[in-house]
Protein chains: 2
Amino acid sequence: MSGEFFAVIPAGGSGTRLWPLSRSGEPKFLLDLLGTGRSLLVETVDRLKPFAPVDRVFVVTGGAHHDAVRAQVPDLPAGNVLVEPSAKNSAAAVGLAAFVLERTHPDAIVGFFAADHVVAEAEAFQSVLATALDAAKSGLMVTIGITPTEPSSAFGYIKKSKDFADTEAVHHVGEFVEKPSFLDAQRFVKSGQYLWNAGIFVGSVASVVKAFDDFSPELGVPLREIAALMAEGLDVAQLWEALPSIAFDYAVAEPAAKAGQFLVVPGSFGWRDVGDFDSLAQAQQSSTTSDVVVVGDASKVHPHDSSGIVVGSSGRIITLLGVENIVVVDTPDALLVTTKEHAQDVKQIVEHMKAQGLEDML
Amino acid sequence: MSGEFFAVIPAGGSGTRLWPLSRSGEPKFLLDLLGTGRSLLVETVDRLKPFAPVDRVFVVTGGAHHDAVRAQVPDLPAGNVLVEPSAKNSAAAVGLAAFVLERTHPDAIVGFFAADHVVAEAEAFQSVLATALDAAKSGLMVTIGITPTEPSSAFGYIKKSKDFADTEAVHHVGEFVEKPSFLDAQRFVKSGQYLWNAGIFVGSVASVVKAFDDFSPELGVPLREIAALMAEGLDVAQLWEALPSIAFDYAVAEPAAKAGQFLVVPGSFGWRDVGDFDSLAQAQQSSTTSDVVVVGDASKVHPHDSSGIVVGSSGRIITLLGVENIVVVDTPDALLVTTKEHAQDVKQIVEHMKAQGLEDML
């Protein structure tokens, strides 16, 4: 059926800045990071249900996570888990799904949604997505940009250009901007012309594969071949390994935007990319009046004159005394103590441990 | 045999400032606090061996610790563990042992040594103890005062008075001073006339019981009766409960010193009362060049840009990142994160937890 909507969920990234909560074997998207009882992946699938029942959801992930994805989303048809032979950055993940759909549903609309983002307000998200899908009928690709709440230098930005079709809800994309300096981020937010790039976009399958063909044939050509081989159940490892490892924004979205082929719909729906323990604490802060945010069983955590975040999954009593902006992550086999200010540096710890041969802890 | 030496080790105190390392069921003196492979109690017994073989050692402790004491010092005769029906402060513990010895070895010399102090230089200690025992032949009681290394307000002080018997190694005690202010502690140390009161003293059994009779008959009279009842295997709980709860220094040592009955031998033998995690770190600091002192398996601890102390007994990987003067105490069922500055306040945490009905964690 023409115009059917398919949701693609690229589920990569190890979340090393969330170690020891996230591990290579259990990355961020598989975790119940907010203590809701559901993983970020399952939350993402559920949020998309009004648009795409689970048989129209594709998850693109690594072989190591295939079984966990199937277990967490048991209704997901086996063929809807697209396994990447290795991690090849976002352009390959997006393109793989697009070229698979080109074979089976060439007239469909497709949307891409990260597996590990937090959306606090699902209904607001769904309303914005409906607007984006409507705009995608134009044949252009449509990204959803997040109205920034602070001058973050942790995200890329999308510059709005002129309104599209005389509606203030949809704009042409002026440009995609990589993660800026804090100074530039301040300028962007003050201008009111920039949105956070959350990596969410929709478009007809035809428009997406055409953008690969036009702007990134070094990906488009082999990915179309890979999709064909996969349909026959043939091995694609060698072709896959030869793919350039490049971000979708850089390889496709930026040149497509320059060519006037990208629209943007601004949205506000409590979006967060919980990339480290500081942002995890912020994401939780609204749900507590305490200076100490607890992820896990709060009855086990006893803070005194302290502030920060405690992530407890070991079942032990955790007592804090006179520590400010502390980060305590307590898992059955590893404990991390750091501060919010050092939340970004947790990634380096993981590098250190790798260098010390402690891979089994990572 | 006349003049035989008996060592008495009062083993009380719960060490709540060392929670969750020390617990009510496993207080400080039962712990291998310095990672030597031996508990502070066993270290104390061993240190006294050149003077008192284990059959001339008495341990005064609570009923809850009787079995642990027997297990840690298996050679200790059963009758040499004197069980206090309840904790009644140091005067009762010292007096109980003195009056028991009065019945069995009235001509003996007795010495009192806390079970939970650290002595880094055992030979230096033994040399000072020999001097003190020699001085005790005078019939006076002799305390060993620690030459202070810093103006601590955590200890009581002993003021030296005139030399005893023309030897500079032994002095009359001028007075026992309770824990001073930091300002007074600075004056004391600067004067060179004050020593730390480590609660170590020796004397003839006769001199000790006479001091109780003379200066604290409200303890001496019932304690002599308690010793007699215990010798017959009779119940002493009721008499014991009625004893005043008072420190030996206050009840006996201070008035005895005023009456000219106390001598003091200054000593330096790496003495420490490891009362909290800050002092535990200091006691360990000499054995490491790292900014992070580890008590336990150091191979499990990974510090980055951090300083402080990690006490690990859970077997888990412990990673620190960018935390200064941190205190991390990691036990199988409880975790404490605090700072060296708050080391003294750990006691309050224990009070809080008691109030919250968490006695089983204490």
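Trainee: Which is the crossing of H3(B) and H7(B), left-handed or right-handed?
Mentor: This is a predicted model, in which local features need pLDDT of at least 70, side-chain atom pairs count only at pLDDT 80 or more, and totals for chains, interfaces and linings use all residues. Residues are numbered from 1 along each chain as its sequence is written, while chains are lettered from A and ligands numbered from 1 in the order in which they are written. Helices (H or I, at least four residues) and strands (E, at least two) are DSSP runs numbered from the N terminus. A crossing is left-handed if the near helix is turned anticlockwise from the far one by less than a right angle and right-handed if clockwise, and the crossing of H3(B) and H7(B) is right-handed.

Trainee: Why is H3(B) called oblique to H7(B), and at what angle do they cross?
Mentor: Axes are lines fitted to C-alpha atoms, for helices over the stretch in contact, and angles run from 0 to 180 degrees between N-to-C directions. Angles under 35 degrees count as roughly parallel, over 145 as roughly antiparallel, 65 to 115 as roughly perpendicular and the rest as oblique. The axes of H3(B) and H7(B), the latter spanning residues 217–231, come within 8 Å and cross at roughly 55°. This is why H3(B) is oblique to H7(B), the crossing angle being roughly 55°.

Trainee: Which residues of H6(B) does H3(B) meet?
Mentor: H3(B), residues 89–104, packs on H6(B), residues 205–215, at an angle of about 125°, with the axes 9 Å apart. That angle makes H3(B) oblique to H6(B), and H3(B) passes H6(B) in a left-handed crossing. Two residues are in contact if their C-beta atoms, placed from the backbone, lie within 7 Å. On the H3(B) side stand Gly95(B), Ala98(B), Phe99(B), Leu101(B) and Glu102(B), and they meet Val205(B), Val208(B), Val209(B) and Phe212(B).

Trainee: How many nonpolar residues has the contact of H3(B) with H6(B)?
Mentor: Ala, Val, Leu, Ile, Met, Phe, Trp, Tyr, Cys and Pro count as nonpolar, Asp, Glu, Lys and Arg as charged, and the others, Gly among them, as polar. On that scheme the contact has 1 polar residue, 1 charged residue and, as the number you asked for, 7 nonpolar.

Trainee: Which element gives the most to the side of chain B that touches chain A?
Mentor: The contact takes 28 residues from chain B and 28 residues from chain A. S13, S15, S16, S17 and H11 of chain B each supply at least two residues of the chain B side. With 6 residues, the element that gives the most is S17(B).

Trainee: How many residues does domain 2 of chain A bring to its contact with domain 1 of chain A?
Mentor: Chain A is divided into domain 1 (5–272) and domain 2 (277–361), bounds that come from an automatic or database domain assignment. Their C-alpha centres lie 29 Å apart. Domain 1 brings 11 residues to the contact, and domain 2 brings 18 residues.
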